[in-house]
Amino acid sequence: MPEAARKIRVQCEINGKATTLESHPMSRLLDVLREQAGLTGTKEGCGEGECGACSIEMDGALVNSCLIPLLQADGTKIRTIEGVTEFAKLSAVQQAFLTYGGAQCGICTPGMILAALNLLSRNAQPTESEIREGLSGNLCRCTGYTRIFESVVAACRSLRPGS
Amino acid sequence: MRSYIPGYEMEAPRNLAEALERMAREPGAWKPFAGGTDLMVLLEAGKLPHRRYLSIWKLPELRGIAVTPQHLTLGALTTYSEIRQHEIIAHEFPLLCRAAAETGSVATQNRGTIGGNIANASPAADSPPALLVYDAELELISTRGARWVPYQGFWKGYKQLDLREGELIRGIRVPRGKTSWTHFYRKVGTRRAQAISKVCFAGTAQIDAGRIADLRIALGSVAPTVLRALETEKILRGQKPTPALVHAAEQVLAREIAPIDDIRSTAHYRIRVAQNLLVEFCENLAADTK
C-alpha cells in the first residue's frame with residue numbers, strides 16, 4: 001500500500017454557511033459533501049464527468065463535483081441542491097419540475113435543477129436551443145427529457161417580468 | 001477500479017515562481033494539475049499512476065486573454081467557457097469558439113483549460129485541430145526561462161509532448177489578421193453533446209482570384225496525435241478547387257492519416273468521414289471563389 005498523504009483542512013462557504021472540511025487533498029468534493037457535510041442531495045452517477053448528477057455551483061459556475069479534488073475547493077463558495085430552496089419556498093424551477101413531471105426517479109433531478117438555475121442566472125430568457133445546451137451535460141434515464149425541457153420552459157415563462 | 005485516494009498528494013503553490021521552483025528542485029516528482037477534467041476521470045478509473053500533483057488552477061500568471069495588434073494570447077488556464085465568451089475570438093478565431101462549444105458540457109467547459117487540453121495530448125481533443133490551422137505557438141516556462149515553440153510538431157508520439165524537465169505551458173498565442181480567410185470546423189461524434197470525436201476536421205483557406213492562395217488543414221482522431229494534413233494542403237495550394245482536384249486530394253488525405261479501430265469507431269469509417277469532410281470544406285471554398 002502506498003504511503004498515505006496527510007489530510008488537509010479546507011475552508012469554504014457551503015449554501016451560505018462557513019464550513020471546514022477535512023480529508024485527503026485529492027478526495028472527490030462529491031464524497032466529502034455527501035459524507036462529511038451530510039449533503040446527500042448531490043448524487044453520484046457516472047463518476048467521470050459525463051452525467052451531471054453531481055452538479056453543484058462553485059463560485060457561481062456549474063461544475064461536476066466528482067471531478068473536483070477537495071484541495072481546489074479551498075476558499076470557494078459552493079451551492080448544492082440543499083441551498084436552492086430559500087425560506088422553505090421552492091424555486092420557480094423546482095415548482096415547474098413538480099407541475100410538469102420533470103422528475104421521476106430523482107437521481108438526475110438535483111443536477112438538472114442546478115444546471116437550469118445556473119443557465120437562468122447567466123441568461124434570464126434562454127431560447128429553446130440554449131435550454132437544450134444548458135442541460136446537455138445532465139443525463140436522465142427515465143423521462144426522455146421532454147418533460148424536463150418543458151419544466152424549464154415553464155419556469156422561464158413564470159419568471160418573465162409581468163407574468 | 002477506483003484509486004486509493006490517500007495515496008495521492010496535492011499541494012497548491014501560491015504563485016508561478018513557487019510552482020516552477022518546486023518542479024525544478026524535485027525533478028519528475030510533481031506534475032501540474034489544472035481543472036481536473038481529464039486527471040480526475042483517470043483517478044476514478046484507477047488509471048492515474050503518478051501520485052504527486054501541484055494544483056496550478058489558481059495561479060494568476062497562467063490566466064487571462066491578452067490581445068495585441070499581432071497576436072491573441074491565451075493563458076494556459078483559459079477555460080472553454082472563457083474562450084466562448086470572448087468577442088475577439090468569436091470574430092477572428094471562430095473555430096476556437098466552435099471547438100470550445102463542442103467540448104463536453106457547460107460543467108466541463110467551466111473547468112477544462114486550453115493548456116490542459118494541449119498537455120493531455122489526446123489525439124481526439126477538439127481544440128488542437130483549430131489551434132493548428134491558426135498557426136498556434138506555445139510559451140513554455142521553467143526556472144531556466146521561457147521559450148516560444150510552434151504547436152505544430154510539439155509531440156513525439158501518442159500522448160507524448162516535447163516538454164523539457166520542469167517546464168509548464170504558460171500560454172498559447174495565435175497570429176491575427178486572417179478574418180478574410182474561410183474558416184471551417186466539423187466534429188463528428190456519436191451524439192451532438194458530450195461526445196468524444198470519431199473524426200474532427202478544421203480548415204482555413206485564403207481564396208484569391210478563384211484559387212486557394214493558402215490553406216491549413218488539421219484533423220483529430222485519425223492518428224496517434226492530432227495531425228496537420230501537409231500533403232493534402234500541398235496538392236490544393238495555389239489551385240482552383242475543381243471536383244477533379246478535390247477527388248485527388250481525397251486520395252492523398254487517405255494516405256496521410258492513420259486511423260485505427262477503437263471503442264468509438266473504425267479505421268474504415270474514419271477515412272471515409274475524413275474524406276467527406278475534406279470535400280465539404282472544399283465545397284465551401286468553391287462557393288467562396290464564385
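Predicted model: local features only at pLDDT ≥ 70, side-chain atom pairs only at ≥ 80, totals over all residues.
Of the 290 residues of chain B, 48% count as buried, a residue being buried if 20 or more other C-beta atoms lie within 10 Å of its own.

## Overall dimensions

Chain B contains 11 helices and 14 strands, which are DSSP runs numbered from the N terminus (helices: H or I, at least four residues; strands: E, at least two). The radius of gyration of chain B, 20 Å, is close to the 19 Å given by the globule rule for 290 residues, so chain B is as compact as a globular protein of that length. This radius is taken over C-alpha atoms, and the rule is 2.2 Å times the number of residues to the power 0.38. The C-alpha trace spans about 60 × 45 × 30 Å along its principal axes.

## The five-stranded sheet

An open, antiparallel sheet of chain B is formed by five strands in the order β4-β5-β10-β6-β7, where two strands pair if DSSP finds at least two bridges between them. At the edges stand β4 (65–67) and β7 (145–150) of chain B, each with a single partner strand, so one side of each is left without a neighbour in the sheet.

Strand β6 (residues 137–142) of chain B pairs with β7(B) in the antiparallel sense over six bridges. B:Ser142 has B:Gly145, in β7(B), as its bridge partner.

## Numbering and confidence

Residues are numbered from 1 along each chain as its sequence is written, while chains are lettered from A and ligands numbered from 1 in the order in which they are written. Local features need pLDDT of at least 70 and side-chain atom pairs count only at pLDDT 80 or more, whereas totals for chains, interfaces and linings use all residues.

Methods
Buried ≥ 20, exposed ≤ 12 C-beta atoms within 10 Å, placed from the backbone.
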